[in-house]
Amino acid sequence: MSRFDIVSPEGLRVDGRRPPELRRLSCRTGVFAQADGSAYIEQGNTKCLVAVYGPREPSKRLLTEKGPTINVEYNVASFSSGERKTKMRKDRRLMEIASVIKQTFEPIICYGQNVASRSEIDVNIQILQLDGGALHAAINATTLAMIDAGVPMRDFVCACSAGWYKDTALLDLNHLEESADVPTLTVGLLPKSGKVTLLSLESRLHLDKFQSVLELASQGCERMRDELDSTIRKATQELAKTAL
Amino acid sequence: MLKSRAFVRKTKRGNVIKVVKEHYLRDDIYCGIPGCPRCASQTTTITQTPPRTTKLVPTPHYVLPDTNVLYHQIDVMEHAAFVNVIILQTVLEELRHRSKPVYDRVRALIAEPARSFYVFSNEHSRETYIERQKDESPNDRNDRAIRTATRWYNEHLGGARKVVLITDDGDNRRKALGEGLPAFHVRQYVESLADYPELIDMVANVAEEDIDAESRYTYPEHLSKSQILAGLKSGAFHQGTLNISQHNYLEGSIFAKVNGEEMTVMILGREHLNRGVQGDIVAVQMLPKSEWKAAVSVVIDEEDVEKEDEEAKPTTAPDEVAAAESAMEVDSAPVEELKPTGRIVGIIKRNWRAYCGTIDKTSVREGQAGGMQPVFFWAMDRRIPKIRIRTRQAATLCGQRVVVAIDGWPKNARYPQGHYVRTLGAVGDAATETEVLLLEHDVPFAPFSPLVLSFLPVEGEKWEVDDEKHLHGREDFRGLDICSIDPPGCTDIDDALHARKLPNGNYEVGVHIADVSNFVKPENAMDLEAQRRGTTVYLVDKRIDMLPSLLGTNLCSLRSNVDRLAFSCIWEVTPDAKVKDVRYTKSVIRSKASLTYDAAQARLDDPNLDDPVTLGIKALNMLAKKLRAQRIERGALTLASPEIRFKMENDQQDPVDVEMKELKETNALVEEFMLLANIYVAKKIQSVFPESSMLRRHPRPPPSNFETLTKAVGELGLTLDPSTSKTLADSLDRCVLPEEPYINKLIRIMTTRCMMQAVYFCSGTVPEQEFWHYGLASEIYTHFTSPIRRYADLVVHRLLAAAIGYDKGYSSELTDKVKATEMCNVLNYRHRMAQQASRSSVELFTNRYFKGKVVEEEAYVIRVMKNGFSVLIPRYGIEGYVYASPTSSPSASPFTYDADTNRLVAPSATIQLFMKVTVAVTVEEAGQAAAQRSKLVVRLVKPFVEGLSGTPEEAAKKDGKAGVGSARLRAGADEREGKRAKRK
């Protein structure tokens, strides 16, 4: 089954990265005029588009609700991977990811005394191309889109995945690595406070190794924050230029 | 740390899926050459051995082989002469694709610092990566990548040092020379290494044409890969692993699915075998029914046939061989016995390995010392055809055990071409022969590496149970009267037992197994090494351990009067031996006594002893008898095999006497409780890990296996009913002839041979009704009781520890079905090999025992064939084949074969199954005479048959072949669970 080494004895991964390296990352905000906020992110070959609508008046009266409601729709395009899948609408797996993303963002949004406290935010996530790390790409793109939409947030939510193979922790797994039985930990981090809002582990990872994998993923999140931050700054400068 | 460019690569795979991969090119791939000014920041380099200069290349240089060189000439590359070698990533990837074993060998070379092999990841270096051009084949692209890397190196090093491309591909070499790169043939380069003259022998002849011009033998052409694939798809061809008969080197078979039905397809004769070698995966075309043959009841030993072939005039040789071969093609069997027969049309995958054997002396020409000459090589494995090799050291290789690898088998060559790899030692030397048999059975026997040993407890011999550290989660059984019962001289004590009466009248019985999993943690180097070894291998004169001896014979071994960690299985049983309750726990024990079977028996037999240990043994014995009765009631089989033990004199290579192994009541006692533990543990792990438990099953033998035996037994006026294990067991009990007490044992031995092999399997891969263990008549079974010497038991220990919640931090390897299945396959293979190795070892020592002796002994006929019959000699537990005719031509036989009654009839005597005969046994030594394998020779003494039998004295004098046959040893026939469970 092993047609390749996850990490070769020379210390290179299948795509030529070394274990603690991220894939190439590029992101943009404001890709949709229609939406209140939008972002597009490419992490290696994983491509993700997010559109945020809101905050707006809630459609139903949700008086008991404290804080804004986030509706997340997570979709994987049928053309996103080599094998074309058609029925992907009511996939439980997709719904689970959607709810994970919802829970990740809920505690981050600021709702002071009355600001946005009873509002509703719609998040539409579309994975256009899938090559591993869809969850963290989606979260990073959502962060950008939320900022673009002007939703008040306590901090960036930066996400990154890491895995473990033999004796090394690997950062930002691609599809080949994810499917080759590497335990994958996705971490969502608030870089300012260092708090973790999301932790999701696929397949089993020995407890002894957990710490180092978590650390590496957190470092990845930090680097991700710098990227997101510079994207936002650049976009804002652009915006400032056009406004003036 | 810069990723410079990213782009995509498209590959197709299976049902055309476009796979898009990223491929990062880097600036930090260094050349690996020490002291390189441009790669100052590199951390790993070739070790500091100065590069070599040769006549051919006067500048100091490094060697860069291409894929084909590594693939075909791996034996040369493994030679110590090759140091300072640069291996390209392109080459490694291609190699891995072509052959995993060769790839692993190259990886082993790279890992060895002394050899200075360096891997240059050219595919990920920005400066050496090339893209495939339009209309360029992947092969050409890779060749170009190799040349590009070579050029880069030579430019990089700036002329002071060079990198030399070694390739046997003419086209590639021409192009390289055209680009001004130094490039050579392997042979060219090796010849320039004046310090290593032997190396040239090891160079494989890959594409040499017309090597065997004189024999002018032509095989049918093999079909191309695409033709084979199309044929397999359409159902015209069938795929299977070629298995050559042990008795007849021209009879092969594959097991394949033909028209939806699984069957054995015979492949008979040189022409139809068409260069297939034992173990190859071949494509077979069925022959029309009119050409089907019956299974041949003859034994043909290639060596004997060929010997005559060479003794006769060489020019007429093919006719002689044809005559001998026709012996097997005489087609007199009735139509219904015809077996499906086919012919090989192509080879899907070769499965060649390096073979141990000897050089055929008769093929060596004198007076050619120093010159290159072709000689023949006989492999130890009689299923391998003789191999033609070219060597300059023919004279010195005679009488030595050598290793030879096959390079290829051109269609115009009668025999495969090979090359010499290395010399093991003199034929007949005990150490050499033992090494040969370990190599032949693929038993890893190198000493444990320092890395493996580094995982031993740091305290070493002084390690002891620390209450604070070890008692957590364990029960303290140190107060119980536990004892162990083992064969004399046993140092790796896996198991210990206790029994005591409970206040309610029931008994508490405990089986305590060495807690090896406490010392061997999953996935560390020691664990991986143990997994690779799979099992401890027991030879007559030594033991190849699975675990380092500090663990096996000391820290894990449940020795008496020291605290040891154990994994315990505790039952509450009624006095009728019904199990009321069971629990499993990790524990600490202190064995009160390490007894031998004899000592335990003595305690049992002495009614006056009433110390707690003896009382325990007595209770155990009482319960064991009842458990056994229950098991027999369920239909468990009692089988037999002639096992022997050698009496060795101290410090001597040769055995002085042979005796049959005896079984005592105490053997049965231990066996019974081990079975009980195994069964209960199997139930437990299966209930918690239904998908990934490691279990052991013993499939029901198909009724056809028994056909011959039931027929033969019928002739004695006895019956055998193999419809279920219960009826079989009962009918075996009734198979008694008052005048021949040995017959019952004989029938049991032969029944054993009709059985299937018991195998390990992963519970998620087999439907539950097939978990059945036929021999033990148990619904479920596993191995739990010998973790020191079997890896499967260690896995089961880990599963059980997780199942009882002791080990909460277990990782995915316990639940991974795919990995578990792979592991089962490896363990089954190792297990089989280990068994065969110990059998061969017994054979080796039997030969030593018979050396220079002629022994006359009683024997029983156990198989009758057209040109002879097999006998079993109970006294030594050996099996031999007696040829019916003094020469290999069938007409000279005084016997005629009667197929209906399966008898050999001669005017003065008739040979039939189960007949008692007297035979003379002697040994024909390897290296002496012309025989390449040392073998037992058995000849008939009584009944006297004119022209065949002789007195032993005559027999000893008569050199050659009159009425003799080779004998093989079948000591310890197929597996018998229970007894094996206690074999030490």
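How many residues of helix 2 of chain A are buried? The points below take that up, then move to packing and cores.

1. Basis. This is a predicted model, in which local features need pLDDT of at least 70, side-chain atom pairs count only at pLDDT 80 or more, and totals for chains, interfaces and linings use all residues. Residues are numbered from 1 along each chain as its sequence is written, while chains are lettered from A and ligands numbered from 1 in the order in which they are written.

2. Helix 2 of chain A. Of its 16 residues, 16 are buried (20 or more other C-beta atoms within 10 Å of a residue's own, with C-beta atoms placed from the backbone). Helices here are DSSP runs of H or I, at least four residues, and strands are runs of E, at least two, numbered from the N terminus. Helix 2 covers residues 134–149. Gly150(A) follows, with a positive phi near 80 degrees.

3. Helix 1 against helix 2, chain A. The axes come within 11 Å and cross at roughly 40 degrees (lines fitted to C-alpha atoms over the stretch in contact, with angles from 0 to 180 degrees between N-to-C directions). That makes helix 1 of chain A oblique to helix 2 of chain A (angles under 35 degrees are roughly parallel, over 145 roughly antiparallel, 65 to 115 roughly perpendicular, the rest oblique). Helix 1 contributes Ile97(A), Ile101(A), Thr104(A) and Phe105(A) to the contact; helix 2 contributes Leu135(A), Ala138(A), Ile139(A) and Thr142(A). Contact means C-beta atoms, placed from the backbone, within 7 Å.

4. Helix 14 against helix 26, chain B. These axes come within 9 Å and cross at roughly 155 degrees. Helix 14 of chain B is therefore roughly antiparallel to helix 26 of chain B. Glu433(B), Leu437(B) and Leu438(B) meet Ala837(B), Ser840(B), Ser841(B) and Leu844(B).

5. Cores. The largest nonpolar core has 215 residues; Ile87(B), Met694(B), Val871(B) and Val919(B) touch the most other members. A core is a set of buried Ala, Val, Leu, Ile, Met, Phe, Trp, Tyr and Cys residues joined through C-beta atoms within 7 Å. Helix 21 of chain B gives the most to this core, with twelve residues. Apart from it lies another core of 56 residues, including Ile41(A) and Ala134(A).

6. His783(B). This residue sits in the loop between strand 34 and helix 25 of chain B. His783(B) is buried, with 27 other C-beta atoms within 10 Å. Beyond four places in sequence, its contacts include Asn678(B), Arg696(B) and Asp793(B).

Conventions
The expected span of a helix is 1.5 Å times one less than its number of residues. A residue is buried if 20 or more other C-beta atoms lie within 10 Å of its own, exposed if 12 or fewer, and partly exposed in between; C-beta atoms are placed from the backbone. Two residues are in contact if their C-beta atoms, placed from the backbone, lie within 7 Å.
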